[in-house]
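Please look over the structure shown below before reading the notes, which are grouped by topic and are meant to be read with the model in view.

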Amino acid sequence: MLLAWSAGIVGLVSIMNAYPQPKTGVARGIPVPVLLWIATAIGTTALLRRTRFGRYVYAIGGNPEAAALAGIDVRRVTLGVFAWMGALAALGAVITTARLGAGTNAIGTLAELSVIADAVIGGTSLAGGRGSVPGAILGALIMQSLENGMLLLGVSSAARQIAIGLLLIAAVWLDTATRRGRGES
Amino acid sequence: MIERPIGTDLGEPSLAESPLVDPLVEMKAVSKRFGGVRAVEDASLLLRAGEVLALLGHNGAGKSTLIRMLSGALSPDSGEIRLSGRSVRFGSPRDAREHGIETVYQDLALADNLGAAANLFLGRERVTRFGALDETGMEREAREAILGVNPRFRDFLSPVERLSGGERQSVAIARAVHFDARVLILDEPTASLGPAETQNVARQIDRLREAGLGIVLVSHDLEDVFALADRVVVLGGGRVTGTFDTPALSREELLAAIVAGAVAP
């Protein structure tokens, strides 16, 4: 396990360093947004899996009444989730602004739709109580690969939107279907 | 679970008036109104350690309101709840739990997406020195606690939604008694169980009574009541319409009392 992780880290670093700057020949290294992404993914996973707060987030998603009866302050935990989400959105905004070198108030409009789609495709349940950070990352990877691939194939913008919409519908359908299979209402 | 002395000999019908045995819980003239509806009116009941008290009554008789006042989910408009002789007030179920009053709800109140250990420790998680969840420690303890309730329990890792009704019940009961409960409220514990699982719950109730807990049993099933309870309190129209000792009680008497409660003003 540890070996696989170290191999993965060494691999990532060497790939990232394999591309030199055209003028100077110095390796480009790992972009700061990628480092931030790794730190955020590990940090959020730890928060969800290793702390009481994360346990409460899953418990409230599974059965809010039971969580309240178990003495969990549902409102406070919900507030915490929104605060964390806001902080992550702010981080995304900082990265976007830094990349563009400028800011406008309309940046990121409708980005939430693709974010939700990524999470759902990555296994997050819309009914709550299920999902993970690696899953969401995988979902984002699938969505962006699809989008990018279709762009390179020259698929029209309208057709791309339709394809992604269909994928989202399929993911939601799968989520509901498996939930029914598990015996939930 | 802490061993407690069994202070009562439950065969004695005169025990209800005996001053020697300190009541564990005493609800004195409690009332609760919802708007103009008197859900519970001037109801009193006594619960001793090592006793199973059944609460009977038709629908709307005030059983669940009374239970919810004891479990801290509702607070009474008037009247008093005494625990081991001391007056207590519960602002939330958490307060009641801190006083050792645990409830197994009819729907069990489990987080279906979490495993047995996570549910057992829900709201009371152990953490390590670094603030992380102590998963291994909690799982070890949960294994012990649940096997103590149900020796045939096997699946400690799956989300509890994959477990059978009886196994889920075992998790809920283990959770209620693991943290030094003194009073256990069981709301319709056998309503959704098959005969074999009902038997197991009955065994568990007997064992907990032996251990000295005071148990309040809400049930519709007269068979269960006769098999398990030491005393029966019948509610009707929000009032206590009768208290009986089960050994001296016939089915006809009890049914008559429930029906009388149903027509009481």
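In chain A, among contacts between residues at least 6 apart in sequence, 35% join residues at least 24 apart. For chain B, residues 24 or more positions apart account for 69% of the contacts with a separation of 6 or more. These values, like those that follow, come from a predicted model.

**Chain A**

- The secondary structure of chain A comes to 8 helices and 0 strands, and reading along the sequence gives the pattern α-α-α-α-α-α-α-α.
- Taken along the principal axes, the C-alpha atoms of chain A fill a box of roughly 65 × 40 × 40 Å, and buried residues make up 16% of its 185 residues.
- Helix α1(A), which covers residues 2-16, has 15 residues and reaches 21 Å from its first C-alpha to its last, close to the 21 Å expected at 1.5 Å a residue.
- Is α1(A) buried or in the open? Of its 15 residues the number buried is 0, where buried means that 20 or more other C-beta atoms lie within 10 Å of a residue's own, so α1(A) lies largely in the open.

**Chain B as a whole**

- Chain B contains 8 helices and 10 strands, and its radius of gyration is 19 Å, close to the 18 Å that the globule rule gives for 265 residues, so chain B is as compact as a globular protein of that length.
- The C-alpha trace of chain B spans about 55 × 40 × 35 Å along its principal axes, and 48% of its 265 residues count as buried.

**The sheet of chain B**

- Six strands of chain B form an open sheet with mixed pairing, in the order β6-β7-β8-β3-β9-β10.
- Why do β6 (101-104) and β10 (239-245) of chain B stand at the edges? Each of them has a single partner strand, so one side of each is left without a neighbour in the sheet.
- From one strand to the next, the twist of this sheet averages 20°.

- Helix α1(B), residues 63-70, lies across β3 (51-56), β6, β7, β8 (214-218) and β9 (231-236) of chain B, and runs at about 150° to β8(B).
- Helix α6(B), residues 195-210, packs on the sheet and touches β3, β7 and β8 of chain B, with a direction that makes about 150° with that of β8(B).

**Where the two chains meet**

- How many residues of chain B are in contact with chain A? There are 19 residues of chain B in contact with 21 residues of chain A.
- Helix α2(B), residues 93-98, gives the largest share of the side of chain B that touches chain A, namely 3 residues.
- Sorted by class, the side of chain B that touches chain A has 11 nonpolar, 3 polar and 5 charged residues.

Key: Residues are numbered from 1 along each chain as its sequence is written. Chains are lettered from A and ligands numbered from 1 in the order in which they are written. This is a predicted model: local features need pLDDT of at least 70, side-chain atom pairs count only at pLDDT 80 or more; totals for chains, interfaces and linings use all residues. Two residues are in contact if their C-beta atoms, placed from the backbone, lie within 7 Å. Helices (H or I, at least four residues) and strands (E, at least two) are DSSP runs, numbered from the N terminus. Ala, Val, Leu, Ile, Met, Phe, Trp, Tyr, Cys and Pro count as nonpolar, Asp, Glu, Lys and Arg as charged, and the others, Gly among them, as polar. Two strands pair if DSSP finds at least two bridges between them. Axes are lines fitted to C-alpha atoms, for helices over the stretch in contact, and angles run from 0 to 180 degrees between N-to-C directions. The radius of gyration is taken over C-alpha atoms; the globule rule is 2.2 Å times the number of residues to the power 0.38. A residue is buried if 20 or more other C-beta atoms lie within 10 Å of its own, exposed if 12 or fewer, and partly exposed in between; C-beta atoms are placed from the backbone. The expected span of a helix is 1.5 Å times one less than its number of residues.
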